[in-house]
Amino acid sequence: MLPHDRPLTELEFVAFDLETTGLFPVINRIVEFGAVRFRLDGREVGTWEQLVDPKCLIPPEVTDIHGITDAMVRGQPTLAQALPGFLEFLGPPETILLAHNAPFDLGFLAFAAAKTGLALPANPIIDTLDLARTCVRGVTSHRLEALAVHLGLARAVDHRALSDSRLVLALFRHLAGRLEQLRTVEDLFRLSPPLTANDSGTHMIEPPAGVEDLAVAIAEQQSVVIVYDGGTRGPANRTITPRAMLQSNGRQYLLAYCHAAKLEKTYRLDWIRGIHAAEV
């Protein structure tokens, strides 16, 4: 456990950012990881950046924001291949993590961990958006790019994961430098209570009553046919191989490989109207 009286100057921090195909971790996917490990004096200890093949198309309006195209991610590591390296880079639990609008990134991380069966990091996570709202007055927006321009941290923002991570680094150092009372871990946690990866509201669940056939299929890695009422045309049969069940923001979901689409999809459990054995 990180001693609360420890000076911040003795610690290493990791600022990180994710780029995605959209805003919702249940239906959208990660396309890039970025992170930078640093000391409070600004010295970078290391960086980590990786494009991810989401196995789906990136909406043009999202590409307009971060500039990541389908061609750029095609053939890149999948989430299952990239996530372990990213989690390892985050480091031991005494490393304090930083992200701007951290709940957004944590939602995607939690969903990614659930899909891949990996453990979430135990590190304390500081939301620099929350910290900036407490410390920075006189701005119309506390978005990262607006703060960067207002505080003179950057002239332009390209919305890529590593460059945004460096902006988070610069913002945190700027705020720490202007706050004389910010000296120890306890000072930081008092000013901005830390989050954990489990605060995302997304976690694995045991199969609820009524979907016993899905539980058996998950355990035995069998394919089944579900009658799914998730579209405008009414219920339709979907041949799937169930992987796991999870809960996110109060809803329960099934993660499964869709044989027709040839990729992993997410299905709401309350929209599954029937379960049948798949033809061999």
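1. A nonpolar core is here a set of buried Ala, Val, Leu, Ile, Met, Phe, Trp, Tyr and Cys residues joined through side-chain atoms within 4.5 Å. In this predicted model, the largest such core has 33 residues. Those with the most contacts inside the core are Leu8, Phe13, Ile96, Leu98, Phe172 and Leu188.

2. Several elements each supply at least two residues of this core: strand 1 (12-20), strand 2 (30-39) and strand 4 (96-99), together with helix 5 (128-135), helix 6 (144-150), helix 7 (161-178) and helix 8 (185-191). Helix 7 gives the most, with 7 residues.

3. Leu188 can be followed individually. Beyond its neighbours within four places in sequence, Leu188 is in contact with Leu8, Ile96, Ile126, Phe172 and Leu182.

4. On the overall fold, the protein chain has 9 helices and 11 strands. Of the contacts between residues at least 6 apart in sequence, 65% join residues at least 24 apart.

5. The C-alpha trace spans about 65 × 40 × 30 Å along its principal axes.

6. Buried residues account for 47% of the 280 in the protein chain. The accessible surface is about 13,900 Å², and carbon and sulfur atoms hold 50% of that surface.

7. As for charge, the protein chain carries 26 positive and 33 negative side chains. The centres of these two sets are 4 Å apart.

Terms used:
Residues are numbered from 1 along each chain as its sequence is written. This is a predicted model: local features need pLDDT of at least 70, side-chain atom pairs count only at pLDDT 80 or more; totals for chains, interfaces and linings use all residues. Side-chain values use heavy atoms; hydrogens and water are left out. Helices (H or I, at least four residues) and strands (E, at least two) are DSSP runs, numbered from the N terminus. Buried means under 20% relative accessible area, exposed over 50%, partly exposed in between (1.4 Å probe, protein chains only). Contact means heavy atoms within 4.5 Å. Accessible areas come from the Shrake-Rupley method with a 1.4 Å probe; for residues, only the protein chains shown count as cover. Lys and Arg count as positive and Asp and Glu as negative; His and the chain ends are not counted. The place of a charge is taken as NZ of Lys, CZ of Arg, CG of Asp or CD of Glu.
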